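Here is a short report on one structure. Look through the sequence and the model, then read on.

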Amino acid sequence: SGNNKYEYLKSFEVEDKLMQSTWVVVRLDGRCFHKFSDKHEFEKPNDERALNLMNACAKAVLEEFPDIIFAYGVSDEYSFVFKKTTMLYNRRSSDIISTTVAFFTLCYNMKWKEFFPDKDLKSTPSFDARTVCYPSTKIVRDYLAWRQVDCHINNQYNTCFWMLVKSGKNKSEAQDEIKSSRSQDKYEILLKQFNMNYNELPAIFRKGSCVEETAKCNDNGQPVERLTSKVVIDHPDIIGDEFWVDHRHILKGNT
Ligand code: DGT
Ligand code: MG
Ligand code: MG
Ligand code: MG
Ligand code: MG
C-alpha cells in the first residue's frame, strides 16, 4: 500500500520505443570538439592519433554490444548500426542512446593515454547522440554513403584550406581561394601548388573508418563460422556496391 500512491508517476514517462523491423542507427558526435581539438593541439586537418582513439572506442562498443553489426566514423562522429531485429532494452530509444554514448565516452577517457602518452587530458570530452530508424537496406546504405560523402567533401576542403594556410596565406585568403571551387578545382590546387595527389592520402582521412565483425561466409553470403570472428577496423569505400557484395552478411542474415 505504501507505494501505491506513487504508481501514477509512471504515467508521466513517455513511450520512446523505436519502430520494429528497422535498422537502428545511433550517431554520436563530439561536443564542442572544435575547442577540444585546439586545446589538445590536434594536428590539422587530420590527427591520426585522435582518429585511432575514436576507432578503438568504436571497436570496444561493438565488442560490448553484440547487436551492433556495423559502425562508420569520421572526424568526431560515429554511427552505430544495430541489427533490425534487436530487442535491446525493448528498443527503448533513451536506453539505447544513453548506454551506447556513455560506454563510448568512458572508453575515450580511459584509452586517452594509450593514444596520447605525451598529452594530459585537459578537459572532459563528451558526446551527444541520437537514434534514427531506417526501414530498408537501401536506405541504411544511403545513410552510410551520405556520411562518407560528407567525409570526402569536408576532408578535401580542409586539406586544401590547411595546405594554403601552412604555405603562408591567412585564413580568410585561403577561404576566399576555395570557397566557390569545385571538387576538381581543389584536386588541381593540391596537385599543382603542393605536388600532393589527394587520392594518395591515407584512406583513413579520405574514407573515414568502418568497424565490423568479420565472419567467414559461404557463396550465398551466409556466415558459416562465427567462433573465429573478431572486430576489425578498415577504410573501404562504402558508397559503391562492391563492399556490400563482399560483405553481404552485414545487412543480411538477420531478418
Ligand atoms: P558540436 O558538435 O556542435 O558540439 O561542435 P563541434 O565543435 O564538435 O563541431 P563539429 O562536430 O561540427 O566539428 C568537429 C570539430 O572537431 C571540427 O571543428 C574540427 C574538430 N576535429 C575533428 N577531428 C579533428 C582532427 O583530426 N584534427 C583537428 N585539428 N580537428 C579535428
Ligand atoms: Mg554535435
Ligand atoms: Mg562535434
Ligand atoms: Mg562532428
Ligand atoms: Mg537499469
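## About the model

This is a predicted model: local features need pLDDT of at least 70, side-chain atom pairs count only at pLDDT 80 or more, and totals for chains, interfaces and linings use all residues. Residues are numbered from 1 along each chain as its sequence is written, while chains are lettered from A and ligands numbered from 1 in the order in which they are written.

## Around ligand 1

Ligand 1 has 16 residues around it (C-beta atom, placed from the backbone, within 6 Å of the molecule). Phe-33, His-34, Ser-37, Phe-42 and Asp-47 come nearest. Two or more shell residues come from each of β1 (23–30), α1 (33–39) and α2 (48–64). Helices (H or I, at least four residues) and strands (E, at least two) are DSSP runs, numbered from the N terminus. The largest share, three residues, belongs to α1.

## Helix α4

The 30 residues of α4 should span 44 Å at 1.5 Å a residue, and the end C-alpha atoms are 43 Å apart, which agrees. The expected span is 1.5 Å times one less than the number of residues.

After α4 comes Gly-168, with a positive phi near 115°.

## α4 against α6

Helix α4 (residues 137–166) packs with helix α6 (residues 183–194) at about 35°, with axes 10 Å apart. Axes are lines fitted to C-alpha atoms over the stretch in contact, and angles run from 0 to 180 degrees between N-to-C directions.
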